[in-house]
Amino acid sequence: MTIHTVTLEVTANVPKTVLFALLSDHAKLGRFFNAKYSLIRSGKPEINGIGAIREVIQGPFTYQEQVIDFKENEHIHYQIVQGAPVNEHGGWIKFKSINATQSKIHYHITFSPKIKGTGWLIKLQIQNFLKQALANVIQHSEDMWSSTTTVNAYSRNTTLKKDIPTKARIK
């Protein structure tokens with residue numbers, strides 16, 4: 001069967017550590033993706049690391065994805081191990097810093113459809129699913145980042161905005 005690919009790249013006004021934390025928390029992915037997620041097996045050495053298996057319920061489909069490579073704040077590589085209408089599905093999410101407060105997510109998926117001739121439709125669905133999810137991640141991360149932190153120009157310390165008097169905040 002034909003191998004199809006979906007590649008998306010988005011930029012966010014947050015450090016890559018923020019994006020990584022959001023996209024590596026399997027149990028909470030449902031707040032961004034139009035699906036229900038649950039962690040059914042912990043990974044090692046981190047709970048969401050290598051070997052972790054998450055169950056995804058999306059519409060009529062229930063499938064399981066397993067993390068096969070994981071480097072904190074750098075990348076997550078997973079594959080579907082059970083239940084999807086595709087074969088050979090692999091996903092790679094890479095996180096890159098642009099500067100101290102901007103980063104990129106590079107999301108790449110490959111798959112082959114189980115039913116010949118359906119690849120274009122599955123590709124379109126995956127693209128729409130990911131575009132919306134990544135837009136949700138970006139919006140959430142930027143809202144969270146801008147409302148909770150400020151950086152003191154004279155130190156490397158990060159301070160909660162609520163701890164700084166209103167007049168002292170830099171916009």
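Helices (H or I, at least four residues) and strands (E, at least two) are DSSP runs, numbered from the N terminus, and two strands are said to pair if DSSP finds at least two bridges between them. The model is predicted, and for this reason local features need pLDDT of at least 70 and side-chain atom pairs count only at pLDDT 80 or more, while totals for chains, interfaces and linings use all residues. Residues are numbered from 1 along each chain as its sequence is written, and side-chain values use heavy atoms, with hydrogens and water left out.

**The whole chain**

Begin with the protein chain in cartoon view, where the secondary structure comes to two helices and nine strands, and follow the elements from the N terminus in the order β-α-β-β-β-β-β-β-α-β-β. Of the 171 residues in the protein chain, 38% are buried, where buried means under 20% relative accessible area, exposed over 50%, and partly exposed in between (1.4 Å probe, protein chains only).

Next, select the open sheet of seven strands, whose order is 1-7-6-5-4-3-2 and whose pairing is antiparallel. At its edges are strand 1 (4-12) and strand 2 (36-41), each of which pairs on one side only. Neighbouring strands of this sheet are turned by 20 degrees against each other on average, direction ignored; axes are lines fitted to C-alpha atoms, for helices over the stretch in contact, and angles run from 0 to 180 degrees between N-to-C directions.

**Two hairpins**

Now select strand 3 (residues 53-58) together with strand 4, which run antiparallel and are joined by six bridges. Glu-55 has Gln-64 in strand 4 as its bridge partner, and in the turn of this hairpin, which leaves two residues between the strands, Gly-59 has a positive phi of about 60 degrees.

Move on to strand 4 (residues 61-71) and strand 5 (residues 75-82), which pair in the antiparallel sense over seven bridges. Here the bridge partner of Gln-64 is Gln-82 in strand 5, and Gln-66 stands opposite Gln-79, also in strand 5. Three residues lie between the two strands of this hairpin, and Asn-73 in the turn has a positive phi of about 65 degrees.

**The helix across the sheet**

Select helix 1 (residues 16-23), which lies across strand 1, strand 4, strand 5, strand 6 (86-99) and strand 7 (102-113) and runs at about 155 degrees to strand 6.

Which residues do ring pairs link into a cluster? Show the side chains of Phe-20, Phe-70 and Phe-95, for these are the three that are linked; rings of Phe, Tyr and Trp (its six-membered ring) pair if their centres lie within 6.5 Å, with planes under 30 degrees apart counted as stacked, over 60 as edge-to-face and the rest as tilted. A search of the whole structure finds four aromatic pairs. In one of them, the rings of Phe-20 and Phe-95 have centres 5.2 Å apart and planes at 75 degrees, so this pair is edge-to-face. Phe-20 lies in helix 1 and Phe-95 in strand 6, so the pair ties together parts that are 75 residues apart in sequence, and both residues are buried.

**A last stop**

Finally, select His-4, which has its place in strand 1. Is His-4 buried or exposed? His-4 is buried, because its relative accessible area is 18%. Leaving aside neighbours within four places in sequence, His-4 is in contact (heavy atoms within 4.5 Å) with residues including Ile-109, Phe-111 and Trp-120.
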